Amino acid sequence: MSQVDSTPSPFTAPRLVSVLGRIGTMEVCLAQTEDEIASSQQLRFKVFFDELGAKGSATMEQRDADRFDPFCDHLLVYDTSIPGPKHKQIVGTYRLLRSEKAFETGGFYSASEYSIDRLVAAKPELRFLELGRSCVLPEYRSKRTVELLWQGIWTYCRHHSIGVMFGCASFHGTVPAAHALPLSFLQHNCRATPDWDVRALPALYQPMDLVPTEAINSRVALFAMPPLIKGYLRLGAMIGDGAVVDHDFGTTDVFIILPVSRISERYISHYAAEAKRFG
(Lines give C-alpha, C1' and ligand atoms only; values in the text may rest on other atoms or scores of the structure.)
Protein backbone atom coordinates (compact mmCIF):
# COMPACT_ATOMS: atom_id res chain seq x y z
CA MET A 1 0.00 0.00 0.00
CA SER A 2 1.10 3.57 -0.58
CA GLN A 3 2.19 5.68 2.32
CA VAL A 4 2.02 9.44 2.65
CA ASP A 5 4.17 12.10 4.15
CA SER A 6 3.32 13.68 7.48
CA THR A 7 0.25 15.78 8.27
CA PRO A 8 -1.08 17.69 5.26
CA SER A 9 -2.13 21.32 5.23
CA PRO A 10 -5.89 22.02 5.07
CA PHE A 11 -5.50 22.96 1.39
CA THR A 12 -3.50 20.06 -0.05
CA ALA A 13 -3.70 16.30 -0.10
CA PRO A 14 -0.85 14.36 1.56
CA ARG A 15 1.97 13.51 -0.80
CA LEU A 16 2.06 10.13 -2.48
CA VAL A 17 5.43 8.52 -1.89
CA SER A 18 5.13 4.87 -2.91
CA VAL A 19 4.76 2.82 -6.08
CA LEU A 20 1.75 3.92 -8.14
CA GLY A 21 1.77 1.03 -10.61
CA ARG A 22 3.80 -2.03 -11.60
CA ILE A 23 4.04 -4.34 -14.59
CA GLY A 24 6.79 -6.97 -14.42
CA THR A 25 10.10 -5.27 -13.69
CA MET A 26 8.65 -1.85 -14.55
CA GLU A 27 7.35 0.54 -11.89
CA VAL A 28 5.82 4.01 -11.94
CA CYS A 29 6.42 6.35 -9.00
CA LEU A 30 6.73 10.01 -8.14
CA ALA A 31 10.24 11.43 -7.90
CA GLN A 32 11.30 11.71 -4.26
CA THR A 33 14.88 13.00 -4.50
CA GLU A 34 16.80 15.71 -6.33
CA ASP A 35 18.80 12.97 -8.07
CA GLU A 36 15.61 11.48 -9.47
CA ILE A 37 14.36 14.86 -10.71
CA ALA A 38 17.77 15.58 -12.26
CA SER A 39 17.70 12.18 -13.97
CA SER A 40 14.24 12.88 -15.38
CA GLN A 41 15.52 16.22 -16.73
CA GLN A 42 18.48 14.42 -18.31
CA LEU A 43 16.11 11.94 -19.93
CA ARG A 44 14.06 14.85 -21.27
CA PHE A 45 17.26 16.35 -22.70
CA LYS A 46 18.13 13.08 -24.46
CA VAL A 47 14.70 12.89 -26.09
CA PHE A 48 13.89 16.56 -26.78
CA PHE A 49 17.37 17.92 -27.56
CA ASP A 50 19.58 15.01 -28.70
CA GLU A 51 16.89 13.04 -30.54
CA LEU A 52 14.37 15.68 -31.67
CA GLY A 53 16.60 18.75 -32.01
CA ALA A 54 15.04 21.14 -29.47
CA LYS A 55 16.79 24.47 -28.85
CA GLY A 56 15.01 25.62 -25.68
CA SER A 57 15.60 25.60 -21.94
CA ALA A 58 18.60 23.32 -21.43
CA THR A 59 21.17 23.64 -18.65
CA MET A 60 24.94 23.23 -18.79
CA GLU A 61 24.48 19.76 -17.26
CA GLN A 62 22.51 18.66 -20.34
CA ARG A 63 19.19 18.78 -18.54
CA ASP A 64 15.89 20.07 -19.85
CA ALA A 65 14.81 22.33 -17.00
CA ASP A 66 12.76 25.48 -16.49
CA ARG A 67 11.20 27.57 -13.73
CA PHE A 68 8.17 25.27 -13.45
CA ASP A 69 10.09 22.13 -12.45
CA PRO A 70 10.39 22.96 -8.72
CA PHE A 71 6.60 23.36 -8.48
CA CYS A 72 5.76 20.13 -10.33
CA ASP A 73 5.53 16.50 -9.38
CA HIS A 74 7.57 14.30 -11.67
CA LEU A 75 6.04 10.96 -12.59
CA LEU A 76 8.75 8.41 -13.42
CA VAL A 77 8.81 4.96 -15.00
CA TYR A 78 11.64 2.74 -13.78
CA ASP A 79 13.02 -0.46 -15.21
CA THR A 80 14.16 -2.13 -12.01
CA SER A 81 16.13 -4.74 -14.00
CA ILE A 82 18.72 -2.07 -14.87
CA PRO A 83 21.67 -2.43 -12.46
CA GLY A 84 22.74 0.51 -10.35
CA PRO A 85 21.05 3.19 -8.23
CA LYS A 86 17.35 3.88 -8.63
CA HIS A 87 17.75 7.25 -10.34
CA LYS A 88 19.69 5.46 -13.12
CA GLN A 89 16.72 3.18 -13.84
CA ILE A 90 14.41 5.95 -15.14
CA VAL A 91 13.17 5.26 -18.68
CA GLY A 92 10.11 7.53 -18.93
CA THR A 93 8.65 10.64 -17.33
CA TYR A 94 5.64 12.97 -17.20
CA ARG A 95 5.52 16.36 -15.51
CA LEU A 96 2.44 17.13 -13.39
CA LEU A 97 1.46 20.66 -12.34
CA ARG A 98 -1.63 21.09 -10.15
CA SER A 99 -3.58 24.34 -10.15
CA GLU A 100 -2.64 25.27 -6.59
CA LYS A 101 1.06 24.90 -7.46
CA ALA A 102 0.58 26.84 -10.70
CA PHE A 103 -0.84 29.73 -8.69
CA GLU A 104 2.36 29.74 -6.62
CA THR A 105 4.58 30.02 -9.69
CA GLY A 106 2.45 32.53 -11.57
CA GLY A 107 0.48 30.28 -13.91
CA PHE A 108 0.64 27.19 -16.08
CA TYR A 109 3.36 26.43 -18.60
CA SER A 110 0.81 26.17 -21.43
CA ALA A 111 -0.44 29.72 -20.72
CA SER A 112 2.48 30.90 -22.88
CA GLU A 113 0.61 29.42 -25.86
CA TYR A 114 -3.09 29.15 -24.91
CA SER A 115 -5.62 31.18 -22.94
CA ILE A 116 -5.99 28.56 -20.20
CA ASP A 117 -6.48 31.13 -17.41
CA ARG A 118 -9.96 31.99 -18.63
CA LEU A 119 -11.11 28.36 -18.42
CA VAL A 120 -9.60 27.87 -14.96
CA ALA A 121 -11.31 31.04 -13.69
CA ALA A 122 -14.65 29.90 -15.13
CA LYS A 123 -14.57 26.60 -13.21
CA PRO A 124 -13.32 27.39 -9.69
CA GLU A 125 -15.00 24.27 -8.29
CA LEU A 126 -12.61 21.99 -10.23
CA ARG A 127 -8.98 21.13 -9.65
CA PHE A 128 -6.89 21.33 -12.82
CA LEU A 129 -3.82 19.24 -13.64
CA GLU A 130 -1.42 20.18 -16.41
CA LEU A 131 0.33 17.24 -18.07
CA GLY A 132 3.57 18.03 -19.86
CA ARG A 133 7.12 17.06 -20.82
CA SER A 134 6.05 13.50 -21.61
CA CYS A 135 8.91 11.42 -22.95
CA VAL A 136 10.15 7.84 -23.00
CA LEU A 137 13.47 6.37 -24.15
CA PRO A 138 13.16 4.89 -27.66
CA GLU A 139 13.63 1.27 -26.59
CA TYR A 140 10.78 1.61 -24.06
CA ARG A 141 8.18 3.16 -26.37
CA SER A 142 5.65 0.40 -25.94
CA LYS A 143 2.07 -0.10 -24.85
CA ARG A 144 3.33 -1.35 -21.49
CA THR A 145 5.17 1.89 -20.71
CA VAL A 146 2.19 4.02 -21.72
CA GLU A 147 -0.04 1.81 -19.58
CA LEU A 148 2.21 2.37 -16.58
CA LEU A 149 2.27 6.13 -17.06
CA TRP A 150 -1.53 6.21 -17.13
CA GLN A 151 -1.74 3.99 -14.06
CA GLY A 152 0.36 6.57 -12.26
CA ILE A 153 -1.58 9.54 -13.59
CA TRP A 154 -4.94 8.06 -12.63
CA THR A 155 -3.77 7.18 -9.11
CA TYR A 156 -2.43 10.73 -8.79
CA CYS A 157 -5.72 12.23 -10.05
CA ARG A 158 -7.78 10.22 -7.59
CA HIS A 159 -5.47 11.13 -4.73
CA HIS A 160 -5.65 14.88 -5.48
CA SER A 161 -9.32 14.95 -6.57
CA ILE A 162 -8.41 16.24 -10.03
CA GLY A 163 -11.38 17.24 -12.18
CA VAL A 164 -9.64 18.27 -15.42
CA MET A 165 -6.42 17.26 -17.16
CA PHE A 166 -4.96 19.40 -19.92
CA GLY A 167 -1.77 20.31 -21.71
CA CYS A 168 -0.05 20.76 -25.04
CA ALA A 169 0.62 17.76 -27.26
CA SER A 170 2.92 18.00 -30.23
CA PHE A 171 3.47 17.12 -33.84
CA HIS A 172 7.16 17.07 -34.79
CA GLY A 173 8.15 19.97 -37.02
CA THR A 174 7.29 23.65 -37.31
CA VAL A 175 5.25 23.62 -40.54
CA PRO A 176 1.57 23.02 -39.72
CA ALA A 177 0.79 22.30 -43.38
CA ALA A 178 2.98 19.19 -43.11
CA HIS A 179 0.32 17.83 -40.73
CA ALA A 180 -2.67 19.17 -42.64
CA LEU A 181 -4.64 15.92 -42.61
CA PRO A 182 -4.44 15.04 -38.88
CA LEU A 183 -4.82 18.69 -37.82
CA SER A 184 -7.92 19.02 -39.98
CA PHE A 185 -9.29 15.76 -38.58
CA LEU A 186 -8.89 17.17 -35.06
CA GLN A 187 -10.55 20.42 -36.08
CA HIS A 188 -13.57 18.76 -37.68
CA ASN A 189 -14.07 15.85 -35.27
CA CYS A 190 -12.53 16.57 -31.87
CA ARG A 191 -13.02 20.24 -31.05
CA ALA A 192 -13.92 21.20 -27.49
CA THR A 193 -17.46 22.17 -26.61
CA PRO A 194 -17.93 25.91 -25.88
CA ASP A 195 -17.88 25.42 -22.11
CA TRP A 196 -14.43 23.77 -22.29
CA ASP A 197 -12.87 25.61 -25.20
CA VAL A 198 -9.40 27.15 -25.01
CA ARG A 199 -7.98 29.27 -27.84
CA ALA A 200 -4.39 29.80 -28.91
CA LEU A 201 -3.04 33.25 -28.09
CA PRO A 202 -3.77 35.67 -30.97
CA ALA A 203 -0.14 36.26 -31.92
CA LEU A 204 0.55 32.51 -32.07
CA TYR A 205 -2.70 31.21 -33.56
CA GLN A 206 -2.33 28.80 -36.49
CA PRO A 207 -5.49 27.54 -38.20
CA MET A 208 -6.07 23.79 -38.13
CA ASP A 209 -8.81 23.71 -40.77
CA LEU A 210 -6.44 22.98 -43.64
CA VAL A 211 -8.34 20.23 -45.48
CA PRO A 212 -12.11 20.27 -46.15
CA THR A 213 -14.00 17.70 -44.15
CA GLU A 214 -15.18 15.79 -47.22
CA ALA A 215 -11.54 15.24 -48.27
CA ILE A 216 -10.44 13.72 -44.95
CA ASN A 217 -9.77 10.00 -44.81
CA SER A 218 -10.17 9.29 -41.09
CA ARG A 219 -8.05 6.14 -41.11
CA VAL A 220 -5.14 7.88 -42.84
CA ALA A 221 -5.49 10.91 -40.54
CA LEU A 222 -5.36 8.76 -37.41
CA PHE A 223 -2.39 6.79 -38.74
CA ALA A 224 -0.52 10.09 -39.12
CA MET A 225 -1.43 11.19 -35.56
CA PRO A 226 1.23 11.05 -32.81
CA PRO A 227 0.50 8.11 -30.46
CA LEU A 228 0.20 10.42 -27.44
CA ILE A 229 -2.60 12.43 -29.09
CA LYS A 230 -4.41 9.26 -30.16
CA GLY A 231 -4.18 8.02 -26.59
CA TYR A 232 -5.75 11.21 -25.27
CA LEU A 233 -8.56 10.95 -27.82
CA ARG A 234 -9.31 7.36 -26.79
CA LEU A 235 -9.78 8.57 -23.23
CA GLY A 236 -12.27 11.23 -24.33
CA ALA A 237 -10.09 14.32 -24.75
CA MET A 238 -11.12 17.38 -26.75
CA ILE A 239 -8.94 19.74 -28.78
CA GLY A 240 -8.62 23.49 -28.29
CA ASP A 241 -8.92 26.18 -30.94
CA GLY A 242 -5.84 26.63 -33.09
CA ALA A 243 -2.36 25.16 -33.29
CA VAL A 244 0.84 26.88 -32.09
CA VAL A 245 4.33 26.55 -33.54
CA ASP A 246 6.97 26.10 -30.82
CA HIS A 247 10.25 27.01 -32.48
CA ASP A 248 12.35 26.21 -29.40
CA PHE A 249 11.18 22.60 -29.34
CA GLY A 250 10.66 22.27 -33.08
CA THR A 251 7.00 21.26 -32.77
CA THR A 252 3.48 22.17 -33.78
CA ASP A 253 1.35 22.06 -30.65
CA VAL A 254 -2.34 21.41 -30.10
CA PHE A 255 -4.22 21.89 -26.84
CA ILE A 256 -5.66 18.85 -25.07
CA ILE A 257 -8.61 19.19 -22.65
CA LEU A 258 -9.67 16.07 -20.75
CA PRO A 259 -12.35 16.51 -18.08
CA VAL A 260 -12.37 13.43 -15.86
CA SER A 261 -16.15 13.28 -16.37
CA ARG A 262 -15.56 12.51 -20.06
CA ILE A 263 -13.27 9.52 -19.56
CA SER A 264 -15.08 6.44 -20.81
CA GLU A 265 -16.31 3.99 -18.20
CA ARG A 266 -14.14 1.11 -19.39
CA TYR A 267 -10.99 3.15 -18.78
CA ILE A 268 -12.31 4.38 -15.43
CA SER A 269 -12.94 0.80 -14.33
CA HIS A 270 -9.52 -0.36 -15.47
CA TYR A 271 -7.46 2.43 -13.93
CA ALA A 272 -9.61 2.62 -10.80
CA ALA A 273 -8.66 -0.98 -10.02
CA GLU A 274 -4.98 -0.03 -10.21
CA ALA A 275 -5.54 3.13 -8.17
CA LYS A 276 -7.17 1.05 -5.43
CA ARG A 277 -4.16 -1.29 -5.39
CA PHE A 278 -1.52 1.42 -5.24
CA GLY A 279 -3.22 4.69 -4.20
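A residue is called buried when its relative accessible area is under 20%, exposed when that area is over 50%, and partly exposed in between, as computed with a 1.4 Å probe on protein chains only. By this rule Glu27 is buried, with a relative accessible area of 13%. The structure is a predicted model, in which local features need pLDDT of at least 70 and side-chain atom pairs count only at pLDDT 80 or more, while totals for chains, interfaces and linings use all residues. Residues are numbered from 1 along each chain as its sequence is written, and side-chain values use heavy atoms, with hydrogens and water left out.

**Salt bridges**

- Side chains of opposite charge can pair when their charged atoms come close.
- A search of the whole structure finds 14 salt bridges, each being a side-chain nitrogen of Lys or Arg within 4 Å of a carboxyl oxygen of Asp or Glu.
- One of them joins the side chains of Glu27 and Lys86, at 3.7 Å from N to O.
- This pair links distant parts of the chain, 59 residues apart, with Glu27 in strand β2 (residues 26-30) and Lys86 in the loop between β3 (73-79) and β4 (90-98); helices (H or I, at least four residues) and strands (E, at least two) are DSSP runs, numbered from the N terminus.
- Whereas Glu27 is buried, Lys86 counts as partly exposed, at 35% relative accessibility.

**A network of charged residues**

- Asp66 and Arg133 form a salt bridge through their side chains at 3.3 Å, N to O.
- Asp66 lies in the loop between α1 (34-51) and β3, and Arg133 in strand β5 (residues 128-136), so this pair ties together parts that are 67 residues apart in sequence.
- The side chains of Arg95 and Asp69 also meet in a salt bridge, at 2.9 Å from N to O, and this pair links strand β4, which holds Arg95, to the loop between α1 and β3, which holds Asp69.
- Salt bridges that share partners join Arg44, Asp64, Asp66, Asp69, Arg95 and Arg133 into one network.

**Nonpolar cores**

- The largest nonpolar core has 62 residues, of which Leu75, Leu96, Leu131, Ile153, Met165, Leu186 and Val254 touch the most other members; such a core is a set of buried Ala, Val, Leu, Ile, Met, Phe, Trp, Tyr and Cys residues joined through side-chain atoms within 4.5 Å.
- Helix α4 (residues 143-159) gives the largest share of this core, seven residues.
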